[in-house]
Amino acid sequence: MRYITIALSKGRLTELSIDFLEGAGIDCSELKDNSRKLILTDEKNKIRFFLAKPADVPVYVEYGAADIGIVGKDTLLEEGRDLYEVLDLGFAKCRMCVAGPKELEGKMELVSITRVATKYPEVARLYFRHKRRESVEIIKLSGSVELAPLVGLSEVIVDLVETGRTLKENGLTVLDTICDVSARMVVNRVSMKMENHRITKLIEDIRRQL
Amino acid sequence: MKRWNIYTPEGVQDILFESCRQKRLLEDKIRKTFRLYGYREIETPTIEFYDVFSENGLIKQESMYKFCDSKGRLLALRPDFTVPVARIAATKLKDEVFPIKCCYIGNTFSFDELGGGRQNEFTQAGCELLGINSPEADAEIIAMAIEALKATGIDEFQIDIGQVGFFKGLMEESGLDGNEIEEVREFIDQKNLVGVEQVMDRHKVKSELKKIILDLPRLFGSKDILQKINYGDIGKGAANALVNIKEVLEILEDRNLAGYVSIDLGMVQSMNYYTGIVFRGYTHGVGFPVLSGGRYDRLVTLFGRDLEATGFSLGVNMVLMALERQKKLIPEKQEGVLITYDDRARRLAGDYCRELIAQGIPAELDILKEGTGKSREYAVSKGFSRIVHINADGTKKEIML
C-alpha cells in the first residue's frame, strides 16, 4: 500500500487538526512528541504527515507532494491553487474584511479608494477588481496591518477579523465582509482519483466528528 | 543592464542527453501506437494567426505568446493542437472520407501556471477523430487514449469520464442565471460541497433536482453512481448525457478496457469548446492529469464547416515525469564500444568501427588519443560495454568495462 501524505498547517491550526485526525483513528503520537523529524508516520494506516507554513500547504497539495492538506480558507483564497476543497472543518473561524476609519462607514460607494494595505494582496486585488470594479494600489504588509490607515499609508485594509477588538481600539471598523474563513480540508485532484477509497473514508471519518 | 545571454526564459528548458533519449523513446512508442490504430500524423505550424485561437474566447489571451508578422498582424505560438486541427479540418480536409483520424506530436506554448512538471513549452501527443458523433466514436477515442498510455509503460492509471451535457442540463432545469451557473461550476470543479450549498440555498429549486446538484461534487467513482440517479428528476438534457456515458462504457467493456475507466459527473472544468463526453487520465507520482480530451462538435464550425469531432492529448513531459517517479524508465543498454588503435592500425580501426555500426552496435574511434586512462574515462562516461584495442598487426585486445 502507498503512503497517504497529509500536510498540516503549522501554528494555530495544528492542534485542532491533530484532534480531528486522531478522532478518525489515525495514530498521531509521533506528531505530538515534539521530535525534530520532519516527516512523521502512522505505519499501521500507512499515513505520513508533515507540518508546513500555512501558505505552503496548498502548494504541496497542488503539486501532489501531499495528498491531503488542512489549511485556512484565507490561505486558500490567497494562494488560488487548483485543488479539491472537500470539507469545512469549522474551526479557526473568522471573517475576511475590508476595514477602515469609522468616517468611511456606509460611504464605501462614495469615496474613491486608491490604496489598500493587506497581508492578502491576491484576495484584495480580486475583491476590488470583481466586486467593486476598481483598480487600486495594493500595499503588501507582513503584520499589524491596522497601522496602515492610522499613519496614512492607505485608506483601508483587507484583513482577517476575529472579534473586531483590535480594530475598535484603533478607531477602525469593518466596512464590508469579503467572506467567511475557517479551516478546510483540501485534496490533490489526482490523489482523489487514484486513492479514492482511502481518501473518501478519511473524509467521512472526519466529517462524522463535525 | 543585466545581460540574459546565459539564461533561458521562464518556463522553458534544455533537455539533455539521457532525458532527451528517454523523451524520444517515449514519443516513438506513442507515434507507433497512434499509427497502428489508424491515426495519420500531421504537422502544423508553430506560429499561427492570433485570430485562430482568440475566436469566441477559445483560449485566454493572457495565456498566449504573441508577436507580429512583417505586416503588423498579430501572431501566436500555438497554445494547443486541437484548434489548428479544427482549422485544417475545415479548410483542407474536405475530400477526406469519414472518419478522419489524425494525430500529432509537437510542442505547445502557453503562459499558464508553472510548477509540478508544468512548463510554458511542453510536448503534446494527441489524436483527433473527425466526422462522427456517436458513442462508438467516443469510445474509440477513449480506447486510443488508453492504448497510448499503456504503450508508454505506465500500467496503473485511470481515465475519468464525464459529460458536459449533464451539468448543462441540470443548470437549465434549475433556472439559475449565467453568473450563478459559473459560480456553481467553479465550486463543483473544486468539489466544494459547502460552496455549492450556499449558492443553492439562495434559490427555490425542485428538491430532487437540488439534491443531485448538491451531490455533484461526490458523484464520481465506479459506474454504480449512474444507478443512483433517477432520470425523471433531472430533465431531458442531463438524462441524455447519462445515457451517452452508459453507452460509451458498454462499448469500452466489450473492448476489455472497462478496468481503466471510472466516472466523474462533476467534471466541469472550463475548457469551453467541449460539447459532450470529456475525459482525463491520472496516474501515480504526478499531481496533475497526464491526458485530457473530449468531444468538440462546434469548434470546426468556427472555421466555416460543420464537422463533429472528438480528440485527446497526452502531456509527454508529464508522462515522462510519472515514469521516472514510478521508476519505470528503461536504462540505456550498455553495448557501445570504444576503439583505440596503434597509429599504424588506423585504417583497420576505421573498418572495424564501420563494421560494428553496420551491425547496429554503437561504436566510436578514440580520437582523443591521450592514452589508456583518458580513453577509459571517456568510455565509462558514455556507458560503453568495452574498449577494443587494435594492434599494428591487426590483432585485437578487448577490455571489458
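This is a predicted model: local features need pLDDT of at least 70, side-chain atom pairs count only at pLDDT 80 or more; totals for chains, interfaces and linings use all residues.
**View 1. Overall form of chain B.** Chain B contains 12 helices and 16 strands. Its radius of gyration is 27 Å, well over the 21 Å that the globule rule gives for 401 residues, so chain B is more spread out than a compact globule. Along the principal axes, the C-alpha atoms of chain B fill a box of roughly 95 × 55 × 50 Å. Of the 401 residues in this chain, 38% count as buried. Among contacts in chain B with a separation of 6 or more, 70% are between residues 24 or more positions apart.

**View 2. The contact between chain A and chain B.** Chain A gives 13 residues to this contact and chain B gives 15 residues. On the side of chain A that touches chain B, helix H3 (57–63), strand S5 (84–88) and helix H8 (189–194) of chain A each supply at least two residues. The largest share of that side, four residues, is from S5(A). Sorted by class, the side of chain A that touches chain B holds six nonpolar, three polar and four charged residues.

**View 3. The two domains of chain A.** The domain assignment divides chain A into domain 1 (4–92 + 182–207) and domain 2 (94–180). A distance of 30 Å separates the C-alpha centres of domain 1 and domain 2 of chain A. Five residues from domain 1 of chain A and six residues from domain 2 of chain A make up the contact. The side of domain 1 of chain A that touches domain 2 of chain A has one nonpolar, two polar and two charged residues.

**View 4. A:Ala92, a residue with positive phi.** A:Ala92 is in the loop between S5 and strand S6 (94–101) of chain A. Although A:Ala92 is not a glycine, its phi is positive, about 55 degrees. A:Ala92 counts as buried because it has 21 C-beta neighbours inside 10 Å, and the cut-off for a buried residue is 20 or more.

**View 5. B:Lys369, in a loop of chain B.** The loop that holds B:Lys369 runs between strand S14 (363–365) and helix H12 (372–381) of chain B. B:Lys369 is a residue other than glycine, and its phi is positive, near 55 degrees. With 11 other C-beta atoms within 10 Å, B:Lys369 is exposed.

**View 6. Helix H5 of chain B and its surroundings.** Helix H5 (residues 164–174) of chain B is mostly covered, with eight of its 11 residues buried. Among the buried residues of H5(B) are B:Phe166, B:Phe167, B:Leu170 and B:Met171. Strand S7 (157–163), helix H6 (178–189), helix H8 (207–215), helix H9 (236–254) and strand S10 (277–283) of chain B pack against the buried residues of H5(B). B:Gly175 follows H5(B) and has a positive phi, near 75 degrees.

**View 7. A three-stranded sheet in chain B.** The open sheet has three strands in the order S2-S4-S3 (chain B), with antiparallel pairing. Strand S2 (47–49) and strand S3 (66–68) of chain B are the edge strands, each pairing on one side only. From one strand to the next, the twist averages 40 degrees. Three bridges link S2(B) and strand S4 (residues 74–77) of chain B in the antiparallel sense. B:Ala76 in S4(B) is the bridge partner of B:Glu48.

**View 8. A cis peptide bond in chain B.** B:Phe98 and B:Pro99 are joined by a cis peptide bond, with omega about -10 degrees. B:Pro99 is in the loop between helix H3 (82–91) and strand S5 (100–109) of chain B.

Note on methods: Residues are numbered from 1 along each chain as its sequence is written. Chains are lettered from A and ligands numbered from 1 in the order in which they are written. Two residues are in contact if their C-beta atoms, placed from the backbone, lie within 7 Å. Ala, Val, Leu, Ile, Met, Phe, Trp, Tyr, Cys and Pro count as nonpolar, Asp, Glu, Lys and Arg as charged, and the others, Gly among them, as polar. Domain bounds come from an automatic or database domain assignment. A residue is buried if 20 or more other C-beta atoms lie within 10 Å of its own, exposed if 12 or fewer, and partly exposed in between; C-beta atoms are placed from the backbone. Two strands pair if DSSP finds at least two bridges between them. Axes are lines fitted to C-alpha atoms, for helices over the stretch in contact, and angles run from 0 to 180 degrees between N-to-C directions. The radius of gyration is taken over C-alpha atoms; the globule rule is 2.2 Å times the number of residues to the power 0.38.
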